[in-house]
Amino acid sequence: MAKPTIIGDGTKESPWQLKTPPGTSEYTMYRDETLDIPALICQVGSTKLSYQLRCIEDLHKMLKTHGDWMPLGGADEQKPAADRSVEAWGRSPENPVGGWYGLKKGLRGRFGVYVPPVLEALGLAEVEHNPKNNRMRAI
């Protein structure tokens, strides 16, 4: 699977230009290490989501330990996450932060949609790009 060409360097001035795994929506992401909790800022249209910046390293480590493909299972905060999915891990009391990586109440979900392409852009993971039911694994 070829790594997609990524535009941007992940800063506020030059955010990564990404697409959701199915390729249906475009969004930008950048690192903001100046915040009280360093964050990964995601801009989707007029909606701004944020996740703890450490999610990149933590997710990569979990995927390495998992050792195989894992379903993404993206879901809004108000909806349940699919069992044993990246989304479920991103909100689990068993993950390294003990719960949600998302920082803005009401917009803490969609971890399994917006974070995996970042790991792919950084060369840390492979992500499938099917119309639905995509998975990822660590490189």
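The legends below describe close-up views of a predicted model.

**View 1. Four antiparallel strands make up an open sheet.**
At the edges lie β1, which covers residues 16-19, and β4, which covers residues 47-52, each of them pairing on one side only. On average, and with direction ignored, neighbouring strands of this sheet are turned by 30° against each other. Strands of a sheet pair through backbone hydrogen bonds, in either a parallel or an antiparallel arrangement.

**View 2. Strand β1 is joined to β2.**
Strand β2 spans residues 26-32 and runs antiparallel to β1, with four bridges joining the two. Within this pairing, Lys19 stands opposite Glu26, a residue of β2.

**View 3. Strands β3 and β4 form a hairpin.**
Strand β3, made up of residues 39-44, pairs with β4 in the antiparallel sense, and six bridges connect them. Ala39 has Gln52 in β4 as its bridge partner. Two residues lie between the two strands of the hairpin, and in this turn Gly45 has a positive phi of about 60°.

**View 4. Arg54 and Asp58 meet in a salt bridge.**
The structure holds seven salt bridges, and the one shown here brings together the side chains of Arg54 and Asp58, with an N to O distance of 2.6 Å. Arg54 has a relative accessibility of 41% and therefore counts as partly exposed, whereas Asp58 counts as buried because its relative accessible area is 10%, under the 20% limit.

**View 5. Lys105 and Glu77 link distant parts of the chain.**
A salt bridge joins Lys105 to Glu77, and their closest N and O atoms are 3.8 Å apart. Lys105 belongs to the loop between α2 (86-89) and α3 (111-114), while Glu77 belongs to the loop between β5 (70-71) and α2, so that the pair is 28 residues apart. Lys105 is exposed, with a relative accessible area of 67%, but Glu77 is buried, with a value of 12%. Together with Arg108, these residues, Glu77 and Lys105, are linked in a network of salt bridges.

**View 6. Glu128 forms a salt bridge with Arg135.**
In this pair the closest N and O atoms are 2.8 Å apart. Glu128 is buried, its relative accessible area being 12%, whereas Arg135 is partly exposed, with a relative accessible area of 32%.

Conventions:
Residues numbered from 1 in each chain as written. Predicted model: local features only at pLDDT ≥ 70, side-chain atom pairs only at ≥ 80, totals over all residues. Heavy atoms only, no water. Pairing = 2+ DSSP bridges. Axes fitted to C-alpha atoms, helices over the stretch in contact; angles between N-to-C directions. Salt bridge = Lys/Arg side-chain N within 4 Å of Asp/Glu carboxyl O. Buried < 20%, exposed > 50% of the residue type's maximum accessible area, 1.4 Å probe, protein only.
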